[in-house]
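Here is a short note for a colleague who is opening this structure for the first time. Please read the points with the viewer open.

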Amino acid sequence: MTALTKAAAAACLMIAMTGCATRPPEMPTVDSVDLERFMGDWYVIANIPTAIEKGAYNAVESYRLDEDGTIATTFTFRDGGFDGPRKEYHPRGFVRDRDSNAVWGMQFVWPIKAEYLIVYLDEDYSRTVIGRSKRDYVWIMAREPRMAEADYREIIGRLDELGYDVSRIEKVPQRW
């Protein structure tokens, strides 16, 4: 066999094996989100951090519902420590499922809208979890900068059941 034939055979084998790979189950979302109640400040208690979130302290995600139905978002944190430089980002949220309001696209850079799924929201809108089907990132957030350890452990258990590698979840230092 020529080198080209071997490469083509290897590529076909890889494609075939990918088709047989098991996929994680669909990521369930909450049944319903009252967008007005969801708006406001959310302290990031823990996450699987994205590249920009590594080393974040006092991370806060703030949402405001605009007249056009999109969500103006402000994400702020201190980089590298409580006295580190303040970083601020302004992605925009787009509700993709108007029946539940639990499936959003979050746009940091046009035209890409990252998947943003509200997978947990307690009844009083004091704690929430944002997940992704790929289970590559997750955000545990609360209206207060601290969460009771029992509540945190319960959420970690839920994320484990959803197929997340919970060993990758890191607490975000919060001191106000």
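**Notes on the predicted model**

1. Start with the rings. The model is predicted, and the structure holds 11 aromatic pairs. One of them joins Phe 38 and Trp 42.

2. Are Phe 38 and Trp 42 buried or exposed? Phe 38 has 0% relative accessibility, so Phe 38 counts as buried. Trp 42 also comes out at 0% and is therefore buried. The cut-off for buried is under 20%.

3. Now widen the view around that pair. Phe 38 and Trp 42 belong to one aromatic cluster with Tyr 63, Trp 104 and Tyr 116. Please show these five residues together in the viewer.

4. The charged end of Lys 113 sits over the ring of Phe 94, at 4.1 Å from the ring centre. The charged end of Lys 171 sits over the ring of Tyr 152, and here the distance to the centre is 4.4 Å.

5. Glu 61 needs a point of its own. Glu 61 lies in strand β2, which spans residues 56-65. Which side chain of opposite charge is nearest to Glu 61? It is that of Arg 143, 11 Å away. Glu 61 is buried yet has no salt bridge, because a salt bridge requires a nitrogen and an oxygen within 4 Å.

6. What does the side chain of Glu 61 make a polar contact with? Its partner is the side chain of Tyr 63, at 3.2 Å. Tyr 63 is also a member of the aromatic cluster. Leaving out residues up to four places away in sequence, Glu 61 touches several others, including Trp 42 and Tyr 116. Both of those residues are in the cluster too. Also among the residues touched are Gly 40, Asp 41, Phe 75 and Met 141.

7. Next, the charge pairs. How many salt bridges does the structure hold? The count is 9. Arg 64 and Asp 66 form one of them, with the closest N and O atoms 2.9 Å apart. Arg 64 and Asp 66 are also linked with Arg 92 in a network of salt bridges.

8. Two further bridges are worth checking. Glu 88 meets Arg 86 at 2.5 Å, N to O. Glu 88 has 37% relative accessibility and so counts as partly exposed. Asp 136 bridges to Arg 132, with 2.8 Å between the closest N and O atoms. Arg 132 has a relative accessible area of 12%, so Arg 132 is buried.

9. Then step back to the whole chain. The protein has 3 helices and 10 strands. Along the sequence they run α-α-β-β-β-β-β-β-β-β-β-α-β. Of its 176 residues, 43% count as buried. Among contacts with a separation of 6 or more, 52% join residues 24 or more positions apart.

10. Finish at Ser 167. Ser 167 sits in the loop between α3 (149-161) and β10 (170-171). Ser 167 counts as exposed because its relative accessibility is 62%. The side chain of Ser 167 makes a polar contact with the side chain of Asp 165, at 2.5 Å.

Notes:
Residues numbered from 1 in each chain as written. Predicted model: local features only at pLDDT ≥ 70, side-chain atom pairs only at ≥ 80, totals over all residues. Heavy atoms only, no water. Phe/Tyr/Trp six-rings, centres within 6.5 Å; stacked < 30°, edge-to-face > 60°. Buried < 20%, exposed > 50% of the residue type's maximum accessible area, 1.4 Å probe, protein only. Lys NZ or Arg CZ within 6 Å of the ring centre and 35° of its normal. Helix = DSSP H or I, 4+ residues; strand = E, 2+ residues; numbered from the N terminus. Lys, Arg positive; Asp, Glu negative; His and termini not counted. Polar contact = N/O pair within 3.5 Å; in protein donor to acceptor, adjacent residues only side chain to side chain. Contact = heavy atoms within 4.5 Å.
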